Amino acid sequence: MTKKRILVTGASGCIGHYISETLIQETNHELYLLVRNPQKLKINTQVRLGVTLVQGDMQKLDGLADLLPTIDLAVLTATAWGGEDTYDVNVFKTIELLELLDPVHCEQVIYFSTASVLNSKKQPLKEAGELGTDYIRSKYECLERVAKLPIADKITKVFPTFVLGGDRNKPYSHVTSGIPKIAKYVDLIRLLQADGSFHFIHGRDIAAVIRYLIENPPKEGESRSLVLGQDKITVNEAIEELCSYFDKKIWFRIPLSIFLANLLIAIFRIQMSTWDRFCMSYRHCTYEKVVNPTIFCLPNYCATMKDVLKTSGIKKAGCG
C-alpha cells in the first residue's frame, strides 16, 4: 500500500468522525484533519504517528496554501447546513480549495454532496436548484461548478442518502437524532400506510466505502458519481419492521394520502418550506443504483431497519 498524504475537511462532523477514525485505525496514510475546534474531535488521534490536526476554517484557506499543493488525496466532507455562510462555505470556498490543489500531483478528490440534488436516474434535479433550502441549492450549484475545474476528472462525487450515525464519541446525524421521537409514536405510526420509499446509510458504512475508494479509485470509464445507500425500503416496510422490533401488532392501517397529510399539517400548524412540500409530493427518494460496502464485498454495519434502531440505541421489546 503506497502511503498517501490525505486531507479530510469537516473531520469533527458526523461523517468526518467516522472517516477519520477508520483512516487512523485501518491505514498508515499521513493524515491531515481540518477542524475549526480541535476539542470537538472526540476520536483518539494519538494512537499512531502521522496524524496532524490542522486547526483552520473553510472561510480562511490562506493558512492551507502551502499544504494543499502537496496533498495526494482530499476527502471533502465540510459543509454548512444553513445560515448566512452557507453559500460561501458550500460553493465559493469549496471551489477555492479545489483550485488550490495541484491537478497534476493530486490523485483523487472525494467530494461529498447530497442525494437530494439528484433525480432517480442520478441526474441533477432541477427542483433542487429552484426550490431547495440554502443548503440544497448551494450543493446543486457547487455540483455544476466542480465540473468546470482543471481537476474535475479526478473528482469522485459521492451523494449520501439519509445519513445515520453518532455515539458518545461522535456527533449524531440529523436523522439519528430524530429516531427516538419515531419510536415514541410507534402506536400511532403503526396505524398509517403511505406510498413512498427511500434509502439510508450509516456513517460507519460510508467510511468503509471511502476507505475502499481511497485504495481503489474509479478507473477510466467507470462512474465517478456514486449514490451512497442501502437497498431501497418502502415506508410501509419500514413501519412493519418498526412494529416488529417493538412487538406491536398491526390490526388495520389508514392510507396517508397527500390530502390527509395536508389536513394534518393544517390542524397541527406545522411549518413547511416549499422544498418540504415538494419532497412530500415526490415521495420516492430512490435511485437506480446505490453503493454500500457489499458492492465491494465488504461487510455492512447497518443494512436493515432493525440495525437502524439497534445502532441508534433504541431498546427493543422485552429489553428493559
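Reader: W81 first. Is W81 buried or exposed?
Author: W81 is exposed, with a relative accessible area of 53%. Exposed means over 50%, buried under 20%, partly exposed in between (1.4 Å probe, protein chains only). Note that this is a predicted model: local features need pLDDT of at least 70, side-chain atom pairs count only at pLDDT 80 or more, and totals for chains, interfaces and linings use all residues. Residues are numbered from 1 along each chain as its sequence is written, and side-chain values use heavy atoms, leaving out hydrogens and water.

Reader: How many aromatic pairs turn up in the whole structure?
Author: Four. Rings of Phe, Tyr and Trp (its six-membered ring) pair if their centres lie within 6.5 Å; planes under 30 degrees apart are stacked, over 60 edge-to-face, the rest tilted.

Reader: Why is the W81 and Y135 pair called tilted?
Author: Their planes are at 35 degrees, so the pair is tilted; the ring centres are 4.7 Å apart. Y135 counts as buried, at 11% relative accessibility.

Reader: What about Y245 and F246?
Author: Edge-to-face, with 80 degrees between the planes and 5.4 Å centre to centre. Both are buried.

Reader: Backbone now. What is phi of C297?
Author: Positive, about 60 degrees, although C297 is not a glycine. C297 is exposed, at 74% relative accessibility.
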